[in-house]
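Visitor: I'm new here and would like to learn how to read this structure. Could you take me through it bit by bit?

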Amino acid sequence: MGARVDRMSVEQKKSESMPVFSPELAARLDALVLKYPVKRSALVPMLLYAQDEVGYLSDAVLAEVARRIGISELDVRSVATYYSMLRFKPAGKFNVQVCTNISCMLRGGYEVYERFQEELGVAPKGVTPDGLFSLEEVECIGACCWAPAIQVNYDFHDELTAESVPGILDRYRNLAQNKEKNA
Amino acid sequence: MPRLVSHPDEVKIVTRRFGQGAAQIDRYLELGGYEAVKKCLAQGPEWIVEEMKASGLRGRGGAGFSTGMKWSFVPKQSAKPKYIIVNGDESEPGTCKDHLIFLHDPHSVIEGTIIAGLAVGAKMGFIYLRGEYRYLLEKMERAVAEAYERGFLGKNIFGTEAEFQIVTQSGAGAYEVGEESALMESLEGKRGVPRIKPPFPAVVGLYGGPTVINNAETIATVPHVIAMGAAAYAAVGTPRNGGTRLFGISGHVERPGVYELPMGYNLKKMIYEVAGGVRGGRGLKAVVPGGSSTPVLLPEEIDIGMDFDQVGKAGSMLGSGGVVVIDDQTCIVEFAMRTISFYAHESCGWCIPCREGTDWLKKTLTRFHAGFGQPSDIDNIRYLAENMLGRTFCPLGDAAAMPTLGFVKKFRQEFEDHLHGKPCPYARAGVPQLTVV
Ligand SMILES: Cc1cc2nc3c(=O)[nH]c(=O)nc-3n(C[C@H](O)[C@H](O)[C@H](O)COP(=O)(O)O)c2cc1C
Ligand code: SF4
Ligand code: FES
């Protein structure tokens, strides 16, 4: 018993000294819960915004979200597992989401998807070894008239061909490099 | 950036301000914005509802229910607060029209939401966008902030006694959350599992209060109906189908895009004239007329007017207005397989006919397309789909079963061509056939 209590207090200290969210995100989430007549309405966007910053829904994120909303962690997990954009493992810094649904399929969505697999050397749901890219096939993203379409994180790219794939990847590689330089 | 298209046959009502910087409030005002809501404040709730009824505007989310009727079902007196919800979950494959509304004319959504609130006596509205539409949510949020700054939202809007608040909300990936009661669950911070009906949202909706939920295009249309007058709006369409629709034409056409055409516009003309015909001069094989859940039409069935009643008579549905055009070098079995894979992925799993039915259909069609079909499969697919119809908790089950039935009934020969271990006779070059799951 004694050892367990000690361990808990160590973990508690750790979480106090290492906040899960940046001050900016914490402030944003503080404001978020005040928007609604009922606090819990903030849950789904809160999980998404937390994931945007942390990269995925880690145990620490889930616990912190549960605390902020005032519900159990289990309840948070039950909701989080429903939504396809929420993930429990890190993705790449740039998550490439290729739509292969009907309108995109008809205009070469699968060819685009395969070209990404080749260029990145990863299988579906894979992450590149440098952690820069991850790749997944997604359902319709609401860009059917500009098919085939993809999203890289939240950015849309549309009217693609397999040939436009390397250029898109280069753009994001440069973006990452410039960020590093500026940092 | 999504490309804007244009065609002389278009009647630009809802898209009137597209591409003109109307996301910025001053520009929106210059273009006549927020005049309709002022008119409504002067005229009062009964007048608004009567105008909506007279306009013949029917819901653009899919089912085509009369907007005025829907609003009239909300009880006048209510112990609990009433709410308006704008459904911007837009996830039906083939549909991308709300995308353009949020991008080019977010204030029309705000104005429409306020008018809906005035009509039913609600003081708060929620604008729910699918999680993938982050850049559009940011556009909406900026527009909402501008409207607050001007006193168009908040307490005493436009200097009157009226109050109206708007809250924007992000989803996080779920087609089923587009279903109205599932969306309310999601807005309450829960899994998107639909609610039993009745009671209907107009009586018991969000947080238990009477709620109007409308599609984003429906709401964005409202200020235009008020501004031009119900009679003028109704006159643009066909009987019982007022106004225009944002038709999204995708797939194998020369000029895919979102076109605003009068209700009842001929489908054949839409494909061959507006969208420039089938890509590369190929032949037409099939048309999905209103988003992936609507049964497929054959080339000889497309000489019809695109309104709810005429497409219904042709054995399909106008749905979300997403027209998907399929050329003669496409494999219908693969198309059916991809369609059902979507529904299997999106089934919320709450009821068995949908959860199991979509999964079995997906497995059977995948095996079938891979060349491991049995002659009995074709009838089994039909049997499975028929047994889902009308037996599921929410309409997603029907949305999965109906198109599947259409494909096997209308393209039976093509299914038979896949039998006996033969490779897919219509396989697209370079696309490997899927392995058996
Ligand atoms: C599975 C499913 C998904 C739906 N998705 C959407 C959607 O993404 N957007 C939408 O407006 N309506 C969607 N609907 C229809 C809504 O339930 C609802 O009827 C609609 O928002 C009402 O608005 P309207 O009367 O303006 O059409 C969906 C329905 C079902 C059954
Ligand atoms: S039909 Fe049943 S399982 Fe399918 S989405 Fe609706 S409630 Fe969920
Ligand atoms: S089908 Fe790919 S964006 Fe809609």
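Visitor: What share of the residues in chain A is buried?

Guide: A residue is called buried under 20% relative accessible area, exposed over 50% and partly exposed in between, using a 1.4 Å probe and protein chains only. In chain A, 51% of the 183 residues are buried. Keep in mind that this is a predicted model, where local features need pLDDT of at least 70, side-chain atom pairs count only at pLDDT 80 or more, and totals for chains, interfaces and linings use all residues. Residues are numbered from 1 along each chain as its sequence is written, chains are lettered from A and ligands numbered from 1 in the order in which they are written, and side-chain values use heavy atoms, with hydrogens and water left out.

Visitor: How many helices and strands does chain A have?

Guide: Both are DSSP runs numbered from the N terminus: helices are H or I with at least four residues, strands are E with at least two. Chain A has eight helices and four strands, and from the N terminus they go α-α-α-α-α-β-α-α-β-β-β-α. Its C-alpha atoms fill a box of roughly 60 × 40 × 35 Å along the principal axes.

Visitor: Over to chain B. Why does Thr15(B) count as buried?

Guide: Because its relative accessibility is 6%. Thr15(B) lies in the segment before helix 1 (25-30) of chain B. Leaving out residues up to four places away in sequence, Thr15(B) touches Leu246(B) and Glu260(B); a contact means heavy atoms within 4.5 Å.

Visitor: And how do you find empty space?

Guide: Rolling a probe the size of a water molecule over the atoms shows where it is left. On a 1 Å grid over the protein atoms alone, a cavity is a set of points where a 1.4 Å probe fits but cannot get out, while a pocket is an open set with protein on both sides within 12 Å along at least five of seven lines; lining residues have an atom within 4 Å of a point.

Visitor: Which element gives the most to the lining of the second largest pocket?

Guide: Strand 4 of chain B, with five residues.

Visitor: Where does ligand 2 sit?

Guide: In the largest cavity, which takes more than half of its atoms lying within 2 Å of the grid points. Of the 13 residues around ligand 2, the nearest are Cys348(B), Trp350(B), Cys351(B), Cys354(B) and Cys394(B); being near takes a heavy atom within 4 Å.
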